[in-house]
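Dear colleague,

Please find the structure below, together with its sequence. My notes on the salt bridges follow it.

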Amino acid sequence: MQKGSFVGDVAKDLGLELSALHDRGARIVSEGRKQYFSLHEKTGHLVTTERIDREQQCGRLVEKCLLRCEMIVEGEMKVYAIEVEIRDINDNAPSFREAEMELKVSETTAPGLRLPLSIARDPDVGSNSLQRYELSGDEHFSLAVQTAPYGEIRPELVLAKPLDRAAAVVLTAVDGGDPARTGTARIRVVVLD
């Protein structure tokens, strides 16, 4: 959300009169160095003071991202604790560390060989994060996906037919956003004589 966006009606939620907020010196104080919220004096609404990036604030490992602040009403000597949940949007595409990978396979390799591939990273969380991989480019290969115990999905290139020449495929990582975002990596398979 952009600067000045509505977050909540603090005056209504706390049962405070708008005139009392202004007259008694109500203000918002954040826990950290940055002030992400302010109190709109005329409406009693909590509003954003700048754009908030969930990934920057909480990272990928935190399931529920909360920013805390306090509303201080100086005239009444009261402090109200406020928690704001920051929800993720699909603002990042999956990406691979290398845009191109090279794998070497002997021409005598039997079908069924599995070659682990680099994984894509997506800083978004939940359904906006990396959901699946797709493979395109050459009928000699198929794609298998292994799921790690902590949920990370790992792609593997599977040799489906014997190779007699070099091949190239494209691995695509797809997130679950609407619309979905993607990242790609080219894989060059070199056949060793």
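The structure holds ten salt bridges, a salt bridge being a side-chain nitrogen of Lys or Arg within 4 Å of a carboxyl oxygen of Asp or Glu. Please note that this is a predicted model, in which local features need pLDDT of at least 70, side-chain atom pairs count only at pLDDT 80 or more, and totals for chains, interfaces and linings use all residues. Residues are numbered from 1 along each chain as its sequence is written, and side-chain values use heavy atoms, with hydrogens and water left out.

One of the salt bridges pairs arginine 27 with glutamate 74, with 2.7 Å between the closest N and O atoms. Arginine 27 belongs to strand β2 (residues 26-30) and glutamate 74 to the loop between β5 (65-73) and β6 (78-86), so the pair ties together parts 47 residues apart in sequence. Strands (E, at least two residues) and helices (H or I, at least four) are DSSP runs, numbered from the N terminus. Arginine 27 is partly exposed at 40% relative accessibility, and glutamate 74 is partly exposed at 41%; buried means under 20% relative accessible area, exposed over 50%, and partly exposed in between (1.4 Å probe, protein chains only).

Arginine 114 and glutamate 156 also form a salt bridge, their closest N and O atoms lying 2.6 Å apart. This pair links strand β9 (residues 114-116), which holds arginine 114, to strand β13 (residues 153-159), which holds glutamate 156, 42 residues apart. Arginine 114 is partly exposed at 43%, whereas glutamate 156 is buried at 15%.

Kind regards
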